[in-house]
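Please keep the sequence and the structure open while I talk.

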Amino acid sequence: MRSINSTFCDLCSHDAVWIMASIAVVGNLLVLLGRYFYKSRSNVEHSLYLRHLAASDFLMGIYLTLIACADINFRGQYIRHEEAWRHSSLCAFAGFLSTFSCQSSTLLLTLVTWDRLMSVTQPLKPRDTEKIRIVLRLLLVWGVSFALSAAPLMPNDYFGAHFYGNNGVCLSLHIHDPYAKGWEYSALLFICINTMSLIFILFSYVRMLQAIRDSGGGMRSTHSGRESVVATRFAIIVTTDAACWLPIIVVKIAALSGCVISPNLYAWLAVLVLPVNSALNPVLYTLTTAAFKQQLRRYCHTLPSCSLGNNETRSQTQTGYESGMSVSLAHLGSGGGGGGTAGGTAVGFGNSRIKRMSHRHMSYL
């Protein structure tokens with residue numbers, strides 16, 4: 001039984017809410033501003049997807065900020081105001097934001113993964129540059145996410161009067177009362193959609209790694225080092241997705257199976273589990289990529305305090321890495337195409353094209 005002085009963030013940490021909110025807001029804001037001012041010429045579609053992913057994750061930062069502000073406002077007297085808070089329009093809006101951010105981020109991550117899968121497994125296939133198709137995909141993702149998150153706000157008997165107000169952090173997870181009104185909807189969001197996305201992302205990155213491994217050809221020494229770096233990066237991406245979604249899936253299934261789940265778990269899930277992707281996506285998909293590092297080096301060149309020698313060394317290292325990637329892509333493009341003459345002709349004919357493909361791959365990695 002909680003005391004009269006408790007708040008919904010007591011059990012995790014008041015500071016943790018602000019830390020996660022700050023990381024999600026600042027990190028994704030940096031990505032949005034960076035990708036707005038620096039527009040990639042080679043990966044327009046992929047860059048646009050990542051910009052929308054940052055916008056989606058930014059909404060999670062806004063949700064956490066609302067929860068943190070409410071925590072400060074009710075600190076020491078939450079029990080007195082618990083019902084008024086959970087039935088308030090601000091709690092309903094916070095619940096809408098969290099669901100909207102989670103679902104749009106999940107679908108956008110799936111879309112980004114699909115785009116990477118097509119580029120890695122079919123590197124010589126012309127990319128779809130028609131803006132109307134790209135816009136339609138994004139509109140579909142945002143439209144579905146908005147419809148799913150706004151549905152509980154509509155007046156109807158299925159969701160009840162205060163669907164998002166089922167708990168103090170306004171999540172639609174519903175684990176302490178798993179069969180409350182709208183439980184099928186909650187299960188669809190947190191079990192079905194998340195599980196399918198996680199399986200697709202895991203399969204896709206395994207397939208991408210296999211395609212890169214198969215494209216190594218005779219460049220075993222260069223290929224081995226590249227494969228290790230790529231495998232590590234892919235493993236981190238899949239692990240962070242699993243760290244965000246698996247605990248939610250397991251807890252929701254356990255609740256539906258009859259396990260008694262304490263309402264105190266909501267604070268942990270809202271502050272330390274759900275925002276994992278929102279906090280790390282800017283790092284994984286933008287701030288640590290080769291394209292971002294290249295732009296950072298170019299900016300560094302303009303600063304007199306930067307060491308020219310260090311920059312030249314890094315440039316040579318990057319060039320060697322990209323060269324290995326280009327050779328591998330050449331092998332991939334002509335793999336199974338015949339003997340030395342045919343292979344040489346294919347490589348010579350597609351040299352400039354392969355360089356562009358190499359640049360596209362490097363921006364992903």
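This is a predicted model: local features need pLDDT of at least 70, side-chain atom pairs count only at pLDDT 80 or more; totals for chains, interfaces and linings use all residues.

Arg233 is found in helix 7, which covers residues 220-256, and I take helices here as DSSP runs of H or I with at least four residues, strands being E runs of at least two, all numbered from the N terminus. Residues are numbered from 1 along each chain as its sequence is written, and side-chain values use heavy atoms, with hydrogens and water left out.

Is Arg233 buried or exposed? Arg233 counts as buried because its relative accessible area is 13%, and buried means under 20%, exposed over 50% and partly exposed in between, with a 1.4 Å probe and protein chains only. Along the chain, Arg233 and Leu284 are 51 residues apart, yet in space their C-alpha atoms are 8.2 Å from each other.

Helix 7 also holds Ile237, which is buried because its relative accessibility is 1%. Which residues does Ile237 touch, if we do not count those up to four places away in sequence? They are Arg116, Tyr205, Leu284 and Tyr285, where contact means heavy atoms within 4.5 Å. Ile237 and Asn277 lie 40 residues apart in sequence, with 9.3 Å from C-alpha to C-alpha.

The axes of helix 1 (residues 14-37) and helix 9 (residues 276-287) come within 8 Å and cross at roughly 35 degrees; the axes are lines fitted to C-alpha atoms, for helices over the stretch in contact, and the angles run from 0 to 180 degrees between N-to-C directions. The crossing of helix 1 past helix 9 is left-handed, a term used if the near helix is turned anticlockwise from the far one by less than a right angle. From helix 1, the residues involved are Met20, Ile23, Ala24, Gly27, Asn28, Val31 and Arg35, and they meet Val276, Ser278, Ala279, Pro282, Tyr285 and Thr286 of helix 9. Sorted by class, this contact has 8 nonpolar, 4 polar and 1 charged residues, with Ala, Val, Leu, Ile, Met, Phe, Trp, Tyr, Cys and Pro counted as nonpolar, Asp, Glu, Lys and Arg as charged, and the others, Gly among them, as polar.

As for Leu173, once its neighbours within four places in sequence are left aside, it is in contact with Ser186, Phe190, Ile248, Lys252, Tyr266 and Leu269.

Cys170 lies in the loop between helix 5 (131-150) and helix 6, and His174 is found in the loop between helix 5 and helix 6. Cys170 is buried because its relative accessible area is 0%, and His174 is buried because its own value is 2%.

Helix 6 covers residues 183-214 and contains Ser204. Why does Ser204 count as buried? The reason is its relative accessibility of 0%. Beyond its neighbours within four places in sequence, Ser204 is in contact with Thr113 and Leu117.

Leu90, in helix 4, counts as partly exposed because its relative accessibility is 41%. Leaving out neighbours within four places in sequence, Leu90 is in contact with Leu66 and Trp85, and its C-alpha atom is separated by 9.7 Å from that of Ile67, 23 residues away along the chain.

Let me finish with the whole chain. The protein has 13 helices and 0 strands, and buried residues make up 48% of its 365 residues. Of the contacts with a separation of 6 or more, 82% are between residues 24 or more positions apart. The accessible surface comes to about 17400 Å², of which 66% belongs to carbon and sulfur atoms, as calculated by the Shrake-Rupley method with a 1.4 Å probe, where for residues only the protein chains shown count as cover.
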